[in-house]
Amino acid sequence: MASNPAPGELELVRAFVNTWDADEDVENVPGPDELSDWLVEHDLLDAGARVTAADHRHAIEVREALRAVLLANAGLDLDPGAGPILDEASRRARLAVRFGADGRVRTVPEAGGVAGATGRLLALVAAAQEEGTWPRLKACLADDCQWAFFDRSRNRSAVWCDMKICGNRQKVRSYRERHHRPHALHG
């Protein structure tokens with residue numbers, strides 16, 4: 001899995017999606033305590049804030065819905081369940097439009113806790129869509145990877161986080177499927 005960090009604060013979204021490592025099947029936020037630690041470490045939650053099992057479940061749902069959107073950014077059809085999950089998370093976060101002293105608009109969560117933290121991630125998605133960087137944040141199309149990466153290719157056509165690893169694996173699989181098909185028995 002290549003790093004391919006996203007620019008600015010969009011990197012928080014990429015890092016959050018990558019808290020699950022499909023290649024190693026490692027969940028880096030397996031429970032409320034680990035989720036709390038991750039959110040505090042990334043300045044999304046105040047230290048000492050209470051994180052419940054329900055908060056954890058909602059955060060994982062948001063993460064996987066974001067992964068579904070990133071897979072769609074890479075070319076797959078969008079999972080129809082992703083939108084409603086993200087809509088509900090934005091309602092829980094009480095996302096609001098605010099204007100700064102400079103007149104620039106931004107989306108901010110009015111809720112605190114984990115709902116506010118996931119709301120901040122969704123606000124970063126909205127900002128990235130406005131800036132035009134969002135379509136470049138993708139999830140690797142390799143089933144055994146799905147690592148979130150930022151597509152820096154000129155034509156925005158990358159579909160694997162690392163051509164040398166995931167791209168090569170896929171090419172080998174495709175070759176084997178084409179050249180090692182079982183022969184039909186003649187009877």
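Entry 1, helix α3 against helix α4. I classed the pair by angle, and α3 and α4 are therefore oblique to each other (under 35 degrees is roughly parallel, over 145 roughly antiparallel, 65 to 115 roughly perpendicular, the rest oblique). The axes of α3 (residues 53-73) and α4 (residues 82-93) cross at roughly 130 degrees and come within 9 Å. I took axes as lines fitted to C-alpha atoms, for helices over the stretch in contact, with angles from 0 to 180 degrees between N-to-C directions. Helices (H or I, at least four residues) and strands (E, at least two) are DSSP runs, numbered from the N terminus.

I noted the contact (heavy atoms within 4.5 Å) as made by His58, Glu61, Val62, Ala65, Leu66, Ala68 and Val69 of α3 with Ala82, Ile85, Leu86, Ala89 and Arg92 of α4. These residues divide into nine nonpolar, one polar and two charged (Ala, Val, Leu, Ile, Met, Phe, Trp, Tyr, Cys and Pro count as nonpolar, Asp, Glu, Lys and Arg as charged, the others, Gly among them, as polar).

On provenance: the model is predicted, local features need pLDDT of at least 70, side-chain atom pairs count only at pLDDT 80 or more, and totals for chains, interfaces and linings use all residues. Residues are numbered from 1 along each chain as its sequence is written, and side-chain values use heavy atoms, with hydrogens and water left out.

I found α1 (residues 10-17) packing on α3 at about 105 degrees, with the axes 9 Å apart. The two are therefore roughly perpendicular to each other. Val13, Phe16 and Val17 of α1 meet Ala59, Val62, Arg63, Leu66, Arg67 and Leu70 of α3. I sorted that contact into seven nonpolar, no polar and two charged residues.

I counted nine salt bridges (a side-chain nitrogen of Lys or Arg within 4 Å of a carboxyl oxygen of Asp or Glu). One of them joins arginine 63 and glutamate 27 at 2.7 Å, N to O. Arginine 63 lies in α3 and glutamate 27 in strand β2 (residues 26-27), so the pair ties together parts 36 residues apart in sequence.

I found strands β3 (residues 95-99) and β4 (residues 105-109) paired in the antiparallel sense over five bridges (pairing needs at least two DSSP bridges). Five residues lie between the strands, and glycine 103 takes a positive phi near 85 degrees. Alanine 96 stands opposite valine 108 in β4.
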